[in-house]
Structures are given as structure tokens and as C-alpha cells.
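Visitor: I am new to this one. Could you show it to me and take some questions?

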Amino acid sequence: MADPKHPAYQAFKYIGRHRRAVEHRRFVTGKGHYAADVVPAGLLHVAIVASPYASARILSIDTSAALAMPGVHEALTGEELNDAIDPMLPGVDAPKVARYPLACGVVRYAGEWVVAVVAESRALAEDAAELVNIEYEPTPHVVDPEKAMEPGAPQVHPAHGGNIIWHRKFTWGEVDEHFAEAEHQLSYRARWARSSTVPIETFVATCSWNDATQILDVWASIQMPKYPDLLAKCLRLPGNGVRVHFDVDVGGSYGLKRGLKHTILVGFLARKLGRPVRFLEDRLENMRGGDMQGPDRIFEVTLAFNGDGAIQSMRMRAIDDIGAYSGRSPLQLGKPVGAIVGPYKIASVEYDAYSVMTHKTPQEAVRGFGQAPTNYAIETGIDRVARYLGMDRVELRRKNLIHKDSFPYLIPSGTYYDSGDFEAVMDKALAAAGYDDLLQQREALRTQGLLAGIGVSTCLEPSGGNSAFEPLFNPKNETTTWMDSCLIRIDLNGAVTALMGTSTAGQAHETLVSTVVGEVLQREPDSIRVLHADSLNALPSNSPVGSRMAIMLGGAAAGAAKILKAKLLTIAAHNLGAPEDALTYEDGDVFAQADPGRRMRWDALIDIAHRKYHCMPPGMEPGLQEKFCWEVPTGGKMPTEDGRVQMYPCHSFESHVVLASIDPQTGKTHLHRYAVGHDCGVMISPDVVHGMTYGGVAHGLGAALLEKFAFSEEGQLLSGTFMDYLLPSAEEVPSITIVDHCTPSPLTVFGQKGSGEAGYLGGPAAIASAINDALAPVGANINELPMTPQAVWRALRAAGVKESE
């Protein structure tokens, strides 16, 4: 793979070059260090007793038989735990929706934790858990979010006064006028079914309480903003009473490794028992009650457009089923505000958003933070308008895409898109896919008796992880900064070390930081060591969410490195007797521009800073250690009264093109060709970006074709194992062609944007587009994901296609 050719890369020595990720060495050699690898002396283990009912009163709990078993140390109930801790925050203004790790008095979903049994081994804890006797009285329940909104529906939290935990109708622009002026209107319904990322590693938390220091040490497979702070608050400990060790590898996350309730439980037990305690989820615990299920959303959309295909306005109603409790899940209706029109010139929008509670497993943040369902809903509408008008889907998109000369572009909801060339990226994807050849291949497949279709999608990836959705969804929350930070030191031997305060779940942050620091200091990135600090030895971080770390951690690392570089220049200027603007910094050395022979080398500058105070400029602090805290570009503002806000600073873009065929007898879909045009500005590490894109496409394929957390009418999870919850394998994931484009962001240090989500944001929409293109000739259509073989088969039968045809 060649290095990027865009002119923006000519200014860089290391950025944009192909380089093996620093982290790969330890993973390939089997030296990864995960939370489950931490085994303190005297470690105890937790097993969970979970509710078998979706809704019930707890009449009695008898733990005596479990506690009588040798090696069992505790059988903790919610009654004891909840009196000693504070509830977890609901994310929105809903103080009566109290959430604790263990149920107390009532259970609200099948799989909710009721008792935690602690023993010398996990196996022993599981055996003891089976002896806990709990008597329940089942109560009415509701699992359909639309029924949950009806008057008289069973209440998940009666004290809240209804099942709608958050609702707001936004109107941005002259919606009524634009609808009245438009020549056509088209309404449709779309459904994004609940799925997740299902990483290889389930969640694990290990806690150890030191009574002498009054510090709780935590090793957890975590990806969550404010995790140490929230943990301390819930456990009623001071902030400096919790030390989270971020130097453990996380075996996959994609947003869902929140694990707060797990760690509150384990932290409480470790403090009570005076022994280290671990809870390592098994797969059923993870899938049924581990807070890892994603958006579950119903859309009702109406588009107003003219006969030439120009889309004028959109009305969107979104109902999101968050399950029985609220964390940050309602906020997943917020990220779409920052890209509510996608990449299209839609002048006005009405967005009517509901977050609804049901008696189902709680929802949590998943890759894209709610943007993927919204993108699927918008792209579904684009295809439907094209079919309604008899227009080519590509040409309709081209008609409505924001033009490259229009940036920064203000969308109706108050966000400026920073930069882009959407049409060029789509054209690159079409060319890479061989669009004209795809048309011929589609016809060839149809002549073979298969249903075949071509799918096209575009998507924006808002990136930079702003906090704007917090005050937008809860006016009492006045958070306006989501900073990140980095500390860099240069030691006496001239070695460079960078420190960051976050965990990594495969995003190659060590590679990111070493590349950025190497670029600024002009030192070989492989010589720069990057470390994960613990929460008591690090500057603030808001974790790798919202495709933010290339922008935020990269910006912080660059900022700290620039301070050090400036300090070295000042030392050189003082010793060379020359003004700084007459000097050149090159590969760590500094020389006079007029006389390159007058030079101070890297080692000499470092020696002065550490040892020769008499050679330092007057008043300069000795040593070489600097920090930088980077605020989100365009951040720092509260939303307006009508809900306009700059949601994210940067906007990456992708276009997906897919050729698919369907066996009309079985409903099975096969993907023959897959191409992606991708633009995330300047790629700091192209190989990392492409890896994220490949993984995102595979993730999106699962959401589009296979993955669904299905529930029975009784509220029982029907897909709690990999026999029922189907993941894509190498058999289903096609060869993927990625073509790059570059429109640098004017808001970031190097022109970089985020890249962790776009493969997932555009993939489901493109695959759904291909399937419905395949079904169109026989009059069939599917408006719900996943489009499983069974769903396709049912759609064909409903359209009158017989099995023998």
C-alpha cells in the first residue's frame, strides 16, 4: 500500500506514513495484559443470581444454604448494598429512575442482578448461587416501546409517572412552509433492531481495597467517560480514594464497555470483605444483563421534495427503546442532531425524539452513539424518493449532496460541517466498485435465477466527542467541555516518554501519540514510549468515545510537544546568542539559518535543561516535562433555546457501494462486491484507519443481516448465546476495497478527523439498499434490520413469490 498522495501530507515526516502499530508486538507475541490477567493474592470471585422474570416483586431471599457452603464468603442482596451507595446517574433529568447494581424489592427485566455470591473460585460461587432461594410475585410488564407509551401501560418505574423518560420535539427552519411548497411528500417507517458489538472479551472488574491508604484499586476492561469520578461518587468515596489502572488492554469495546454497575458491586465487596474481588462475566451474563445492548429504534419519516429530486424538508419521529434503566442511552438520540440531514442540502427539519423505558435489558452506548440507525433511516428515504420519481439513486444523491465549495456548511440544527468533498468520495467508491460492471453483473445474476441488487449509501461521521448533547438533553447539566490531555517528558538521556490517562480497546493510541509527538519533535516515533497512567497520576481524559482520540488525544499530544519544542528553541537561542526567529529546528537540533554550522544538537540541549542551569535562559524552569489540555474545537457553548448546537467539530464522510444476491428459495444474502470511499481528513496512521474501517464494515454487516437481541412477549431474551445471536464470520464478510480521499479539517492540528465509526455508520444502509434493490423487481420490500434469511423469505412470500419460482 502506497503512502497517501494528497498534498497535505507533504508537510509531514511521519504522519500519514505506513508503520506497524506499536501495540501489535505485544499482541502478536501473546504478551497482552488484560484485566483478567491481574490476580492479586487472596482473590475472590463473584457469580450472579439473576431474575427469571421481566417484572416481579421480590417477596423473599434466602441465602443461608449458599452461605453454608465451604469457601463461600458472601451472598450480597440489594437491600444491603443499596443502603450503602448512591444510585448511578440516569443521564437525563429523571431523579426517580433510580438504578443500582442489584435489584431491591422489584425486578424490571429478565436477567437483572438480584444477589451476588462471593467465593474462593468462580465455579464455587456458581454452585452456591444455585442454592439461593428467591420467591417472586410476577407483575404486568411491557416490552413493546410503542405500547409502553400508551395510557394504562405497565409502568417500569411508577414513581417516574410514565415510561417516557425523555421527549422533545425540535423544529429547525421553516418546516411547515417547505412542506407546503414542495411538489411531493413521501412517508415511510424504518426499524433498527437491537444489536451490539459482542467483543471477544466480556466485561471484567477486579478491585482491591487498601485500608491503610484508604484507596480502592481498580483493574477493569473499561471504555467510559468520567468512570473514576462516577465510581467514587456511587461508592461514597472521595475522588482520590479510587485509583483506576488504565494500563490494561481492553479486548474490544466499541463503546459498550461501561461496566459501572459491575465495578460498584465489586468495589463494595472488596471493601467489605477486605479481600480483592473479581467479577468476570460469562457470555450469558454479558448478553442478558451486562449493559451491552445497543439502540432499538423505530422511525417514522416524511420527506418533502420536488419533481427534480431536490429534497426540501424532513419530519422524523424516533422512538428509542432503552430498556428498564437509563444510563447514557437516551443521549444516543442526541448525536444525530449534529448530522440530522446527513450530507444533504435539506433546508429544515422537525425531529420528534422519544426515549422510552420497557421491561427489557438496559441499552448502552454502541459504536456511533445512535448515528447509525438515523443514517439508515435517512438513506432508506433517499432510495424511496428515487424509486418514487424513477430517478437513478446515485444521481439523486448527487443532486442533494452538499457541494465542496459550501464549507463550512451550517445545517438546520445549528452545527457547522467543517470540510468535505462528498461527491468526489462517492465517485471514488463507484469507480472502485466498477459501477458500470456492477450493473452488468446484477443482470447476469438475475438471469441465473437469483435476486440481485446494488446498494449505495453515504454517511457522515461526526467526530471529536463534544459534550453538547448533555446540556441539550438535560438543562441542569451545564457541561461545556470534553477536554483531553497529554503529558510528555524528555529525560536526561534524551528519551521521550508520553503519558495519557485512558484505556485502549484496539484503537492504537500508543501509535497515535508516538506518531504525533515524533512529528512535532522530529524524533523517530519508534523511539518514543507511550504509557497509560492510572487515574491518580494522569491529566483529565474523556476516554475514546465519539471518534475523538485522533482529534483530542492527538491535539493534546501535539500541544505538549510544541511547548517542549519551543523550550528547546529558547535554550538554543540563549546559548547561540541569536533571536529565535533566526533559528531552525530540525530533527531535534537547532541551527542558525544564516550559518548552519552554528548548531546545538539534541543531546546538548537536553543536557543543559537537566544539568546546566547556568546555561539556561534567566527564569526558565529546569527539566523537560510539559502537559497540555486540549479543548474540543468549537466547543464551550450551551445550546440555544430552540435546541441549536454545534454538536461535534469535525465530520468525516464515507460512501459505500455493494453488490448483493439473494437465493429466492432460502432468503440467504451473499455480498459479491464491497467498496468504500473514505475521507477522514489527514490520516495520522493509515493502516489503523483502514483497520477500523474494515472492522466497522463487518460490524455493520452483522447489524444489517444477522444480529438481533430478540425478546419473547414474556420479556425473555431469546438470543443469549451464539447459537441464536449470529455474528458474521469470514464466510459472510466479503473482500473490501477502501479508497481514500482527503479534505483536511481546518479545526485540528494536522487536519485530522475521526475514523472509528464510519464503516459501521454507512454499511447497514448500503446493504439494506442492495437487498431492497434485489427485491424490487418482485414487488417485495423490507423496512427493518436485520434482514435475515427468514425476514427475506417472509417478504418474498408476502409479495406472492412462491418457493418454486
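Guide: First, a term: helices, of at least four residues, and strands, of at least two, are DSSP runs numbered from the N terminus. The model is predicted.

Visitor: Where is Pro408 found?
Guide: Start with its peptide bond. The bond from Phe407 to Pro408 is cis, with omega near 0°. Pro408 itself sits in the loop between H11 and strand E16 (409-410).

Visitor: Which residue does a cis peptide bond join to Leu785?
Guide: Look in the loop between strand E29 (784-785) and helix H20 (789-798); Pro786 has its place there. Omega is about 0° for the cis bond between Leu785 and Pro786. The residue is Pro786.

Visitor: Which side chain has a polar contact with that of Arg397?
Guide: Arg397 lies in helix H11 (residues 393-400). Its relative accessible area is 0%, so Arg397 is buried. The residues Arg397 touches include Tyr344, Glu379 and Asp383. The polar contact, at 3.0 Å, is with the side chain of Asp383.

Visitor: Which strands stand at the edges of the sheet that holds E22?
Guide: Three strands form this open, antiparallel sheet, in the order E22-E23-E24. An edge strand has a single partner strand, so one side of it is left without a neighbour in the sheet. The edges are E22 (583-586) and E24 (599-600).

Visitor: Which residue stands opposite Leu583?
Guide: Four bridges join E22 to strand E23 (residues 589-592), and the two run antiparallel. Leu583 faces a residue in E23. That residue is Ala592.

Visitor: Which helix lies across E22, E23 and E24?
Guide: The helix spans residues 549-576. It runs at about 135° to E22. It is H16.

Visitor: How many disulfides does the structure hold?
Guide: Take Cys650: the nearest cysteine sulfur, that of Cys680, is 11 Å away. The sulfur of Cys680 is 7.9 Å from the closest one, in Cys742, which is too far for a bond because a disulfide needs sulfur atoms within 2.5 Å. Cys650 is buried at 0% relative accessibility, and Cys680 is buried at 1%. The number of disulfides is zero.

Visitor: Is Phe369 buried or exposed?
Guide: Phe369 is in the loop between strand E15 (348-357) and helix H10 (371-389). Its phi is positive, about 50°, although Phe369 is not a glycine. With a relative accessible area of 9%, against a cut-off of under 20%, Phe369 is buried.

Methods
Residues numbered from 1 in each chain as written. Predicted model: local features only at pLDDT ≥ 70, side-chain atom pairs only at ≥ 80, totals over all residues. Heavy atoms only, no water. Pairing = 2+ DSSP bridges. Contact = heavy atoms within 4.5 Å. Axes fitted to C-alpha atoms, helices over the stretch in contact; angles between N-to-C directions. Buried < 20%, exposed > 50% of the residue type's maximum accessible area, 1.4 Å probe, protein only. Polar contact = N/O pair within 3.5 Å; in protein donor to acceptor, adjacent residues only side chain to side chain. Lists of a residue's contacts leave out its neighbours within four places in sequence.
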